[in-house]
Amino acid sequence: MRCRHARKLISQYIDKELSSGETKLFSAHIEACAACRLELEETKELSRMFAAAERVSAPYGFATRVLAGIEADKRPQNRLSHIFRPVLVRAAEVAFACVIVVIGFFSGRMLITDSPAPLSAAEMRSTFHLDVFESAPPDSIAGAYIGMTGVQNEK
Amino acid sequence: MDDIEIIRNFKHGEADAFNDIVLKYQDRIFNLCLYMLRDTHDAQDAAQDCFIKACRALHDFSPDASLYTWLYRIAVNTCLDYRRKRIQSRMDSHSMAEDMPSHMPSPEKLYESREISEVVRTAMQKLPEKLRAAIVLREIEGLSYEEIAEIMDVSTGTVKSRISRSREELRKILVRKL
Ligand SMILES: [Zn+2]
């Protein structure tokens, strides 16, 4: 086996995706060739970094925001079924609708004006980001709301 | 509760059925989006979009596919679209090179999972998106070549080559520097 071929097989060797025949040939080359052995070791080191890298959980309140987003997404089609929903949930929906209207207002202004847009899209997004809920302590009104809607962030 | 049961409940109109999907998969989908997009806010937006799209499409979901590969596929596509939109909307786009940390953390520090996660996520911004998606699904989510092929709608041969190229690039950026 030549170095060129061996190096192409390193990734599959790490994932145990080589046939037994290929594995034998590859291993024999690695035994004999210091340069390919180094490259294999470095690639294994990369995999160890991935294995050690943090797996990040969804942030506090994420599921609540997702479910609110899904409700907002459904609303135009079946408005009647929402009349008897709890007042706080309705209020949250109204607040969300207001945010949408304000975003619509600003983006509409950007369409009709010749002057440069007052805010970049990224700034706008951070301004209106629903993350205002994120750091809400459990005993605050926002915490109570999250509690009332019965959605837990934890499994 | 298993996925087949969750989907059956959803199709029977049980109001809370989709909550079960969100609660079961939120961490995995958010984590995938974070490694794809690097930024926490972007990852939250993309993960939220992914679930909204999934909720719209779940009525047409066919039970021969598995729910998690289907969700991963929506999430990967959402992240690819998301970056495309974001790149278009960012007129002040500074080069990715400026986003790299100017010096790598010391080896002791590096071996803390959060540090490693940040260094890996930053380095991955150098990869073309499809290579990045393939390596995240393999190394972070631990999926097989077959599962990745299904999610990305390509052959396993393409998956092999994308993973191999990703490792080659990342090895040069991350390992050689140590
Ligand atoms: Zn060699």
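Q: What makes Phe62(A), Ala63(A) and Thr64(A) of α4(A) count as buried?
A: In this predicted model, a residue is called buried when its relative accessible area is under 20%. Phe62(A), Ala63(A) and Thr64(A) are among the residues of α4(A) that are buried. Others include Arg65(A), Glu71(A) and Ala72(A).

Q: Why is α4(A) called mostly covered?
A: Of its 13 residues, 10 are buried.

Q: How do you know that the span of α4 of chain A is close to the expected one?
A: The helix runs over residues 62-74 and reaches 19 Å from its first C-alpha to its last. At 1.5 Å a residue, 18 Å is expected. The two values are close.

Q: Why is the pair Asp15(A) and Arg138(B) called a salt bridge?
A: The cut-off is 4 Å between a side-chain nitrogen of Lys or Arg and a carboxyl oxygen of Asp or Glu. In this pair the closest N and O atoms are 2.9 Å apart, so the pair qualifies. Across the interface of chain B and chain A, the rule finds six salt bridges.

Q: What makes up the side of chain B that touches chain A, by helix and by class?
A: Six salt bridges cross this interface. On the chain B side, α2, α3, α4, α7, α8 and α10 each supply at least two residues. The largest share, 11 residues, comes from α2(B). By class, that side has 23 nonpolar, 10 polar and 15 charged residues.

Q: What is the area buried between chain B and chain A?
A: The two chains bury about 4200 Å², with 57% of it on carbon and sulfur atoms. In chain B, Gln44(B), Arg167(B) and Arg171(B) lose the most area to chain A. Together they give 14% of what that side buries.

Definitions and conventions
Residues numbered from 1 in each chain as written. Chains lettered and ligands numbered in written order. Predicted model: local features only at pLDDT ≥ 70, side-chain atom pairs only at ≥ 80, totals over all residues. Heavy atoms only, no water. Buried area = accessible area lost by both parts, 1.4 Å probe. Helix = DSSP H or I, 4+ residues; strand = E, 2+ residues; numbered from the N terminus. Nonpolar A, V, L, I, M, F, W, Y, C, P; charged D, E, K, R; others polar. Expected span 1.5 Å × (residues − 1). Buried < 20%, exposed > 50% of the residue type's maximum accessible area, 1.4 Å probe, protein only.
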